[in-house]
Amino acid sequence: MTNPNDIRGTEDASALRRRTDPEANPVMGAAVDDPELRDTEIDESAGPAIESMSRGELLRRRFFRNPSAWIGMVIFLVLVLMAVIGPMVYQYGPFERDLRNALTGPSAYHWFGVNENGLDIFARTMQGLRISLIIGIGTALLTTFLALVVGIVAGYISHKGKWGALGDGALVNLINLFLVIPSILLLMLFSPALQQASWLWMIPLLAGFAWMLTARVLRAMTQQLVRTEYVEAARFMGVHPIVTMTRHIIPNIASWIIIDTTLGVSAAILGETGLSFIGFGIQYPQVSLGTVLQDYNISAPYTWIPPAAVLAALVIAINLMGEALRDALDPTSGSSRI
Amino acid sequence: MSEPILSVRDLSVSFPSEYGTVHAVQDLSYEVHKGEALAIVGESGSGKSVSSLAVMGLLPRTASISGEIEMLGHRMFELDDRQLSRLRGNTISMVFQDPLSALTPVYRVGEQIAEVVRIHHPETSKARAHQRAVELLDAVGIPEPGRRANQYPHEFSGGMRQRAMIAMAIANEPELIIADEPTTALDVTIQAQVMDLLKSAQELIGAATVLITHDMGVVAGFADRVLVMKDSRMVELGTVDEIFYTPREQYTRDLLAAVPRVDAGEAGESRSVAGSAMQKLAEVVDDDGARPPREEMPTVLEVEELVRVFPITKGAIVRRKVGEQRAVDGISFDIRQGECLALVGESGSGKTTTLMEIMQLRTPQQGVIRIGGKETGALTRKERAALRSDVTVVFQDPMAALDPRMPIADIIKEPMRVQGYSKERMDERVDWLLKMVGLLPEHAARFPTEFSGGQRQRVGVARALACDPKLIILDEPTSALDVTVQAGVLAMLADLRARLGVSFLFVSHDLSVVRHISDRIAVMQKGRIVELGDTEEVFTNPQHPYSRELLSAVPIPDPEVARARRRESIDREAFEGTTGGFLPDPEDAE
């Protein structure tokens with residue numbers, strides 16, 4: 001690669017090189033023919049050199065090497081397919097009553113049985129799974145977005161003089177405010193009212209009380225990155241702050257964001273089902289896994305074991321994938337070694 | 001020769017990794033005899049540290065080791081951890097690179113030294129051990145040892161911490177001291193003191209020493225024998241004079257030739273090979289044709305009476321000022337076109353603050369900064385944005401200065417994008433810039449992690465050159481690089497200056513590097529410029545005492561010169577203490 005001819009060929013061969021005999025003076029020759037550059041040249045003939053594996057390839061290998069990634073993905077895919085196809089092909093709907101068979105166990109017609117109100121449990125579980133999945137994923141994405149905006153802005157401006165520190169302080173206090181208000185009470189207060197409009201209101205409502213911790217972590221990570229030399233260099237080049245944030249800061253914390261979002265899905269699902277179970281979540285005419293569980297009859301296990309099992313399988317699958325993702329993206333975190 | 005204290009035979013160490021097995025050390029054999037100082041020299045990644053950790057038995061469990069290490073008749077690999085612990089600290093002790101992380105921050109320094117004494121001599125009373133700690137601190141030249149022993153590590157300066165580490169290392173009169181880059185984190189004047197101290201401590205207790213370093217200058221004054229390592233293998237082993245005056249291997253010669261020398265002017269009289277390549281670099285810089293006198297060249301940067309004061313505040317809610325730190329205290333200098341001014345000083349002298357003040361392009365607290373004749377305080381937003389392309393910066397750490405998530409083409413394009421270059425022009429320039437700094441245009445799509453340190457620094461320089469700047473500020477551009485790579489980068493910089501006529505402000509703590517590249521030198525101390533003059537004049541005839549002190553502290557890679565400069569610096573009486581033979585007889589210690 002960097003052999004002297006490369007530059008000597010150009011018209012402007014320097015005074016430096018004209019006066020230097022590479023034979024007599026190996027290191028001077030190294031100015032153009034740096035031995036170190038030559039050694040580390042990443043050519044294909046060198047076999048499996050360290051650099052030959054791209055980051056994406058490395059991540060994929062690390063991820064798929066992990067058995068928990070496979071288990072998580074398989075369970076999650078099965079559940080998603082069930083949630084999508086189940087209600088399409090199943091003969092009963094979630095609110096169709098079959099009172100003649102009320103409180104009977106699983107049969108060829110009612111796969112998971114019928115509860116005491118004559119509602120088919122399989123139909124309700126699948127419909128509930130749909131709703132819970134949508135709310136879980138939607139909430140996690142919205143939470144991440146909110147946390148990203150607040151966290152990165154706060155972290156970025158905290159070093160920008162007096163006004164920056166003031167703005168950072170205001171945002172941190174906002175985070176603290178949201179952390180101390182009793183979110184469960186507010187959720188119980190607002191949820192039934194907003195349900196009147198649409199069940200989708202559940203997403204912003206849950207996200208509104210879940211973004212704070214992520215935002216704090218993102219703020220700290222941004223503060224660290226702002227001090228790195230490449231962000232400093234961008235500032236000295238006159239790069240616009242928003243461009244700096246999207247081009248330099250977000251890509252460098254992306255792995256953490258991805259992991260947090262994945263794990264946030266299971267947290268959101270648990271939050272939503274919990275609320276629904278105590279009656280403040282998803283309301284008629286929608287069902288979630290929580291409302292299905294609400295109709296339990298302790299003496300008839302088939303009324304509550306199927307939705308509980310589906311819920312547990314969903315959360316476990318997502319967590320398995322999240323952990324595997326963390327091990328792949330951030331192998332030094334040591335989360336897998338207990 | 002006497003029985004070897006430590007003998008290493010066919011040592012190989014390898015680690016498993018994502019990319020297959022990494023061979024850190026291969027077939028290394030050496031012996032260290034009583035009272036002898038062996039230096040293991042190599043560039044980063046040559047396996048020098050791993051080999052010494054193996055001797056201490058401190059390698060991580062994942063490492064697979066073969067070969068044999070014998071220490072005073074003990075086979076190290078056959079000992080269990082408990083037996084090894086008895087050896088560590090008592091017969092072998094270690095001085096680490098970073099004294100801040102090697103001392104526990106929550107214990108007093110005296111306690112930590114006393115602990116080392118008491119662990120290996122449990123019969124010693126607490127009061128006696130503390131007294132011993134004070135004596136040891138006194139011996140290594142720490143003023144007011146009684147008071148200092150009760151202080152915590154953060155209250156010590158870097159040099160004092162390293163002294164305390166040495167006190168700890170010699171506390172039990174070990175047979176072998178391993179010093180792993182003991183002065184890399186220290187300023188040059190402190191480095192000289194610590195190396196002198198280590199040498200005299202070693203001579204005092206008659207211990208064998210293994211010094212691990214990348215710095216040939218340090219080696220010359222310290223070692224009896226030198227072992228050169230490269231790519232996990234031994235290259236050459238010989239006495240210090242052999243290595244420096246008649247090296248057998250080409251690599252040793254290259255390594256020595258790349259070492260910058262502060263005494264470049266009189267190098268003709270030296271028999272040492274060291275610095276021969278850098279010598280030529282200096283010549284090229286000096287006589288690149290008949291340049292017009294400096295007064296006739298246009299001024300690129302002018303700094304007048306620049307002051308930057310940081311308030312020291314106290315209190316969390318109501319901040320009140322309790323004092324101030326005058327980081328930059330009224331400095332003035334100017335840089336002409338095509339000139340290289342070196343700003344030299346130790347850490348805390350205000351170099352970086354000066355640089356930041358210039359790069360801010362704002363009104364300084366006091367004084368004036370003019371770039372190309374324009375005052376930075378009076379700029380409009382637009383002018384300031386345009387000026388960003390005229391003054392660019394190259395950072396010290398090539399690992400941190402490039403965004404790891406961007407291919408280098410995008411990194412180099414970034415300043416051009418800000419200045420609104422067209423897409424075709426950017427692509428064209430990226431090719432040209434990469435060629436200019438000695439990389440291939442085909443590399444443009446690669447990410448920074450795929451490059452070595454020297455190559456990354458070249459990318460950093462390419463980015464700085466992207467918009468045809470008038471002035472490049474180089475913030476210690478080579479201090480994170482290995483010496484042969486440093487020589488390459490310096491040569492490239494000298495070449496760029498000769499070819500493109502760009503001016504440099506070269507900030508550095510290393511006088512020997514600066515000597516080869518700069519036209520003029522400004523020596524900074526405590527926020528002031530104490531001496532400013534032509535490089536040659538400052539080096540041959542330094543006016544200010546601080547410049548003289550700096551110059552005399554720079555290690556010289558020539559064993560004869562280095563030996564002549566050494567001074568005694570351990571206090572023998574204090575070491576022997578009030579009781580003299582305090583330590584039990586060697587038989588008891590077994």
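Analyst: Patches are made of residues with over 30% relative accessible area and no salt bridge, where like charges are joined within 9 Å and nonpolar side chains (Val, Leu, Ile, Met, Phe, Trp, Tyr) within 5 Å. A salt bridge is a side-chain nitrogen of Lys or Arg within 4 Å of a carboxyl oxygen of Asp or Glu, and accessible areas come from the Shrake-Rupley method with a 1.4 Å probe, with only the protein chains shown counting as cover for residues. The model is predicted, so local features need pLDDT of at least 70 and side-chain atom pairs pLDDT 80 or more, while totals for chains, interfaces and linings use all residues. Residues are numbered from 1 along each chain as its sequence is written, chains are lettered from A and ligands numbered from 1 in the order written, and side-chain values use heavy atoms, leaving out hydrogens and water.

User: Which residues make the nonpolar surface patch of about 490 Å²?

Analyst: That patch is formed by A:Leu81, A:Val84, A:Ile85, A:Met88 and A:Val89. Helices (H or I, at least four residues) and strands (E, at least two) are DSSP runs numbered from the N terminus, and A:Val84 belongs to helix H6 (residues 67–89) of chain A.

User: Is A:Val84 buried, partly exposed or exposed?

Analyst: Buried means under 20% relative accessible area, exposed over 50%, and partly exposed in between (1.4 Å probe, protein chains only). A:Val84 counts as partly exposed because its relative accessibility is 40%.

User: Why is helix H13 of chain B described as largely enclosed?

Analyst: Eight of the 10 residues of this helix (residues 351–360) are buried, so the rest of the structure largely encloses it. Among the buried ones are B:Lys351, B:Glu357 and B:Met359, and the helix is followed by B:Leu361, whose phi is positive, near 55 degrees.

User: What lies around the buried B:Glu236?

Analyst: Contact means heavy atoms within 4.5 Å, and, not counting residues up to four places away in sequence, B:Glu236 touches several residues, including B:Val226, B:Ile243 and B:Pro247. B:Glu236 lies in strand S10 (residues 233–239) of chain B and has no salt bridge, since the nearest side chain of opposite charge, B:Arg248, is 4.1 Å away (Lys and Arg count as positive and Asp and Glu as negative; His and the chain ends are not counted). The side chain of B:Glu236 does reach the backbone nitrogen of B:Glu249 at 3.2 Å.

User: Where is B:Asp231 found?

Analyst: B:Asp231 sits in the loop between strand S9 (225–230) and S10 of chain B. Although B:Asp231 is not a glycine, its phi is positive, about 45 degrees.

How values were computed:
A polar contact is a pair of N or O atoms within 3.5 Å; within protein, one must be able to donate a hydrogen and the other to accept it, and residues adjacent in sequence count only if both atoms are side-chain atoms.
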